Amino acid sequence: MAIREFLGARQVFTAEEFAARFPGSQTDRNLLSRAVANGAVDKVRRGTYVSKTGRFAGLTADPFDVALAVVPDAVFCHTSALRLLGAEHNLTRLVQFYTAAGINTFTYDGISYRPYRSQGRRLVTQDILTPTGHGYRLTNKEQTLVDCMTNVAAAGGPDNLLHALASLTRLDAGWAASLAANAAHSVRARLGWTLEVERDRWRVPGETLATLAGSLGAGPYYFWSASAPRDRHWVKRWKLYLPHPQQEMASWLTN
(Lines give C-alpha, C1' and ligand atoms only; values in the text may rest on other atoms or scores of the structure.)
Protein backbone atom coordinates (compact mmCIF):
# COMPACT_ATOMS: atom_id res chain seq x y z
CA MET A 1 0.00 0.00 0.00
CA ALA A 2 1.39 3.40 -1.03
CA ILE A 3 0.58 5.14 2.25
CA ARG A 4 2.38 2.43 4.22
CA GLU A 5 5.46 2.94 2.04
CA PHE A 6 5.26 6.70 2.62
CA LEU A 7 5.01 6.29 6.40
CA GLY A 8 7.89 3.83 6.35
CA ALA A 9 10.11 6.30 4.49
CA ARG A 10 9.30 9.63 6.20
CA GLN A 11 9.49 9.93 9.95
CA VAL A 12 8.53 13.61 10.20
CA PHE A 13 6.26 15.06 7.54
CA THR A 14 3.70 17.78 6.93
CA ALA A 15 0.18 17.75 5.58
CA GLU A 16 1.48 19.57 2.50
CA GLU A 17 4.06 16.85 1.84
CA PHE A 18 1.41 14.18 2.28
CA ALA A 19 -0.97 16.00 -0.08
CA ALA A 20 1.78 16.37 -2.69
CA ARG A 21 2.36 12.60 -2.57
CA PHE A 22 -1.37 11.75 -2.62
CA PRO A 23 -3.06 14.65 -4.44
CA GLY A 24 -6.82 14.66 -4.32
CA SER A 25 -7.04 11.28 -2.61
CA GLN A 26 -9.74 11.34 0.06
CA THR A 27 -9.16 7.64 0.68
CA ASP A 28 -5.53 8.22 1.62
CA ARG A 29 -6.46 11.18 3.82
CA ASN A 30 -8.91 8.92 5.59
CA LEU A 31 -6.19 6.31 6.03
CA LEU A 32 -3.89 8.96 7.53
CA SER A 33 -6.61 9.98 9.99
CA ARG A 34 -7.08 6.32 10.87
CA ALA A 35 -3.31 5.91 11.38
CA VAL A 36 -3.36 8.86 13.81
CA ALA A 37 -6.33 7.35 15.64
CA ASN A 38 -4.66 3.96 16.09
CA GLY A 39 -1.26 5.35 17.11
CA ALA A 40 0.63 4.49 13.94
CA VAL A 41 1.17 8.23 13.40
CA ASP A 42 1.53 11.02 15.97
CA LYS A 43 -0.03 14.38 15.28
CA VAL A 44 2.43 16.96 16.63
CA ARG A 45 0.06 19.82 15.93
CA ARG A 46 -2.16 20.79 13.04
CA GLY A 47 -0.40 19.92 9.79
CA THR A 48 2.65 18.15 11.28
CA TYR A 49 3.00 14.40 11.85
CA VAL A 50 5.49 11.81 13.07
CA SER A 51 5.41 8.28 11.72
CA LYS A 52 5.49 5.42 14.23
CA THR A 53 5.27 2.82 11.48
CA GLY A 54 7.78 0.27 10.17
CA ARG A 55 11.38 1.19 10.94
CA PHE A 56 10.16 4.20 12.93
CA ALA A 57 8.16 2.12 15.41
CA GLY A 58 9.39 2.90 18.92
CA LEU A 59 11.84 5.57 17.69
CA THR A 60 11.86 9.14 18.96
CA ALA A 61 11.85 11.79 16.27
CA ASP A 62 14.74 14.24 16.21
CA PRO A 63 13.35 17.36 17.91
CA PHE A 64 15.16 19.64 15.47
CA ASP A 65 13.39 17.89 12.58
CA VAL A 66 10.07 18.35 14.35
CA ALA A 67 10.76 22.07 14.82
CA LEU A 68 11.65 22.52 11.15
CA ALA A 69 8.50 20.71 10.03
CA VAL A 70 6.38 23.09 12.10
CA VAL A 71 8.45 26.23 11.41
CA PRO A 72 10.44 25.95 8.17
CA ASP A 73 12.28 29.25 8.79
CA ALA A 74 13.52 28.17 12.24
CA VAL A 75 16.99 29.41 13.20
CA PHE A 76 18.08 27.48 16.28
CA CYS A 77 19.40 29.65 19.10
CA HIS A 78 20.48 29.80 22.75
CA THR A 79 20.86 26.30 24.27
CA SER A 80 19.76 24.65 21.01
CA ALA A 81 22.49 26.48 19.08
CA LEU A 82 25.02 25.50 21.75
CA ARG A 83 23.93 21.88 21.40
CA LEU A 84 24.33 21.94 17.62
CA LEU A 85 27.72 23.61 18.05
CA GLY A 86 28.79 20.70 20.25
CA ALA A 87 28.81 22.82 23.40
CA GLU A 88 25.84 21.49 25.34
CA HIS A 89 26.33 21.17 29.10
CA ASN A 90 23.09 20.18 30.83
CA LEU A 91 20.71 18.01 28.86
CA THR A 92 17.46 19.88 28.29
CA ARG A 93 14.07 18.99 26.92
CA LEU A 94 13.80 22.35 25.22
CA VAL A 95 14.24 23.45 21.61
CA GLN A 96 14.67 27.19 21.01
CA PHE A 97 14.54 28.96 17.68
CA TYR A 98 14.03 32.32 16.02
CA THR A 99 11.18 32.62 13.55
CA ALA A 100 9.22 35.30 11.75
CA ALA A 101 6.07 33.21 12.20
CA GLY A 102 3.51 34.09 14.84
CA ILE A 103 3.59 30.81 16.75
CA ASN A 104 3.30 30.00 20.44
CA THR A 105 5.34 27.57 22.50
CA PHE A 106 4.15 24.00 21.99
CA THR A 107 5.02 20.60 23.42
CA TYR A 108 5.44 17.23 21.76
CA ASP A 109 6.75 13.98 23.27
CA GLY A 110 7.95 15.74 26.41
CA ILE A 111 9.94 18.37 24.49
CA SER A 112 9.03 22.04 24.78
CA TYR A 113 9.45 24.05 21.56
CA ARG A 114 9.99 27.74 22.29
CA PRO A 115 9.94 30.35 19.52
CA TYR A 116 11.53 33.79 19.69
CA ARG A 117 10.34 36.42 17.23
CA SER A 118 13.19 37.56 15.01
CA GLN A 119 11.29 40.85 14.45
CA GLY A 120 13.32 41.80 11.42
CA ARG A 121 16.67 41.36 13.20
CA ARG A 122 19.55 40.53 10.92
CA LEU A 123 20.92 37.42 12.59
CA VAL A 124 24.36 36.03 11.86
CA THR A 125 23.75 32.38 11.08
CA GLN A 126 25.47 29.28 9.81
CA ASP A 127 24.30 26.00 8.33
CA ILE A 128 25.55 22.69 9.65
CA LEU A 129 25.23 19.12 8.48
CA THR A 130 25.10 16.58 11.29
CA PRO A 131 26.73 13.13 11.15
CA THR A 132 23.26 11.72 10.52
CA GLY A 133 22.96 13.81 7.37
CA HIS A 134 20.49 16.35 8.75
CA GLY A 135 20.97 20.03 7.92
CA TYR A 136 20.05 22.88 10.25
CA ARG A 137 20.40 26.65 10.40
CA LEU A 138 21.52 28.17 13.68
CA THR A 139 23.05 31.34 15.05
CA ASN A 140 26.82 31.22 14.67
CA LYS A 141 29.19 31.10 17.63
CA GLU A 142 29.51 34.84 18.04
CA GLN A 143 25.79 35.55 17.66
CA THR A 144 24.99 32.71 20.06
CA LEU A 145 27.43 34.12 22.63
CA VAL A 146 25.90 37.60 22.45
CA ASP A 147 22.33 36.25 22.52
CA CYS A 148 23.12 34.17 25.60
CA MET A 149 24.71 37.17 27.31
CA THR A 150 21.57 39.14 26.46
CA ASN A 151 19.24 36.50 27.91
CA VAL A 152 21.14 34.40 30.43
CA ALA A 153 17.91 32.71 31.54
CA ALA A 154 17.31 31.44 27.98
CA ALA A 155 20.85 30.04 28.11
CA GLY A 156 19.99 27.94 31.16
CA GLY A 157 21.50 30.27 33.77
CA PRO A 158 25.14 31.20 34.51
CA ASP A 159 26.32 27.70 35.47
CA ASN A 160 24.97 26.03 32.34
CA LEU A 161 26.04 28.87 30.05
CA LEU A 162 29.63 29.15 31.24
CA HIS A 163 30.21 25.39 31.30
CA ALA A 164 28.83 25.18 27.75
CA LEU A 165 31.01 28.06 26.53
CA ALA A 166 34.06 26.17 27.80
CA SER A 167 33.59 23.84 24.83
CA LEU A 168 33.57 26.59 22.19
CA THR A 169 36.79 27.04 20.23
CA ARG A 170 38.07 29.49 17.59
CA LEU A 171 35.67 32.23 18.56
CA ASP A 172 36.13 35.67 16.93
CA ALA A 173 36.03 38.00 19.93
CA GLY A 174 36.14 41.15 17.83
CA TRP A 175 33.12 40.02 15.85
CA ALA A 176 31.24 39.19 19.05
CA ALA A 177 32.02 42.63 20.44
CA SER A 178 30.78 44.30 17.25
CA LEU A 179 27.52 42.33 17.45
CA ALA A 180 27.07 43.64 21.00
CA ALA A 181 27.83 47.25 20.05
CA ASN A 182 24.18 48.29 20.30
CA ALA A 183 23.26 45.94 23.13
CA ALA A 184 22.52 47.05 26.68
CA HIS A 185 25.47 48.04 28.88
CA SER A 186 24.84 44.96 31.04
CA VAL A 187 25.27 42.71 28.00
CA ARG A 188 28.61 44.30 27.13
CA ALA A 189 29.73 44.00 30.76
CA ARG A 190 28.90 40.27 30.83
CA LEU A 191 30.54 39.77 27.44
CA GLY A 192 33.65 41.71 28.45
CA TRP A 193 34.10 39.71 31.63
CA THR A 194 33.66 36.43 29.75
CA LEU A 195 36.09 37.40 26.98
CA GLU A 196 38.66 38.50 29.54
CA VAL A 197 38.50 35.17 31.34
CA GLU A 198 38.88 33.37 28.00
CA ARG A 199 41.37 35.82 26.49
CA ASP A 200 44.16 33.24 26.08
CA ARG A 201 42.11 30.37 24.66
CA TRP A 202 40.02 32.59 22.38
CA ARG A 203 42.97 34.89 21.60
CA VAL A 204 41.05 38.00 22.57
CA PRO A 205 42.87 41.20 21.56
CA GLY A 206 43.50 43.66 24.35
CA GLU A 207 41.96 46.39 22.19
CA THR A 208 38.67 44.49 22.10
CA LEU A 209 38.56 44.32 25.89
CA ALA A 210 39.52 47.98 26.19
CA THR A 211 36.80 49.02 23.73
CA LEU A 212 34.16 47.04 25.62
CA ALA A 213 35.27 48.38 28.99
CA GLY A 214 35.28 51.93 27.64
CA SER A 215 31.76 51.57 26.26
CA LEU A 216 30.17 50.95 29.65
CA GLY A 217 28.17 53.45 31.62
CA ALA A 218 28.32 54.12 35.33
CA GLY A 219 26.93 50.73 36.32
CA PRO A 220 26.53 48.66 38.34
CA TYR A 221 25.51 45.71 36.16
CA TYR A 222 24.48 42.21 37.11
CA PHE A 223 25.40 38.91 35.48
CA TRP A 224 22.32 37.11 36.76
CA SER A 225 20.05 38.94 39.19
CA ALA A 226 19.53 42.54 40.20
CA SER A 227 16.62 41.46 42.42
CA ALA A 228 16.88 39.92 45.87
CA PRO A 229 18.92 37.89 46.41
CA ARG A 230 21.15 40.10 44.25
CA ASP A 231 24.47 39.16 42.71
CA ARG A 232 27.08 40.42 45.18
CA HIS A 233 30.60 39.53 43.93
CA TRP A 234 32.06 42.72 42.47
CA VAL A 235 34.35 42.91 39.40
CA LYS A 236 35.65 46.47 39.22
CA ARG A 237 36.79 46.65 35.56
CA TRP A 238 33.41 45.53 34.26
CA LYS A 239 31.32 47.29 36.91
CA LEU A 240 29.67 43.92 37.21
CA TYR A 241 28.26 41.90 40.08
CA LEU A 242 28.56 38.11 39.73
CA PRO A 243 26.29 35.59 41.48
CA HIS A 244 29.30 33.52 42.64
CA PRO A 245 32.94 34.33 43.38
CA GLN A 246 34.87 35.30 40.26
CA GLN A 247 37.41 32.51 40.64
CA GLU A 248 34.66 29.89 40.85
CA MET A 249 32.79 31.19 37.79
CA ALA A 250 36.03 31.55 35.82
CA SER A 251 36.76 27.88 36.53
CA TRP A 252 33.47 26.92 34.84
CA LEU A 253 34.77 28.57 31.68
CA THR A 254 38.29 27.24 31.74
CA ASN A 255 37.94 23.67 33.05
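Over how many bridges do β2 and strand β3 pair? The answer is four, and β2 pairs with β3 (residues 48-51) in the antiparallel sense. Here two strands count as paired if DSSP finds at least two bridges between them. You are looking at a predicted model, where local features need pLDDT of at least 70, side-chain atom pairs count only at pLDDT 80 or more, and totals for chains, interfaces and linings use all residues. Residues are numbered from 1 along each chain as its sequence is written, and side-chain values use heavy atoms, with hydrogens and water left out.

**The sheet**

- Strands (E, at least two residues) and helices (H or I, at least four) are DSSP runs, numbered from the N terminus.
- Three strands make an open sheet in the order β1-β3-β2, with antiparallel pairing.
- Because β1 (12-14) and β2 (41-45) each have a single partner strand, they stand at the edges, and one side of each is left without a neighbour in the sheet.

- In α10 (residues 206-214), Thr208, Leu209, Leu212 and Ala213 are buried, meaning under 20% relative accessible area, while exposed means over 50% and partly exposed in between (1.4 Å probe, protein chains only).
- These four lie on the same side of α10 because they cover an arc of only 130° around the axis, taken from the directions from the helix axis to the C-beta atoms.
- Glu207, Thr211 and Gly214 are exposed on the other side of α10.
- The buried residues of α10 pack against α8 (173-179) and α9 (185-197).

**Nonpolar cores**

- A nonpolar core is a set of buried Ala, Val, Leu, Ile, Met, Phe, Trp, Tyr and Cys residues joined through side-chain atoms within 4.5 Å.
- The largest has 63 residues, and Phe76, Leu165, Trp193 and Leu195 have the most contacts inside it.
- Apart from that core lies another, of 10 residues, including Phe18 and Tyr49.

Key. Contact means heavy atoms within 4.5 Å.
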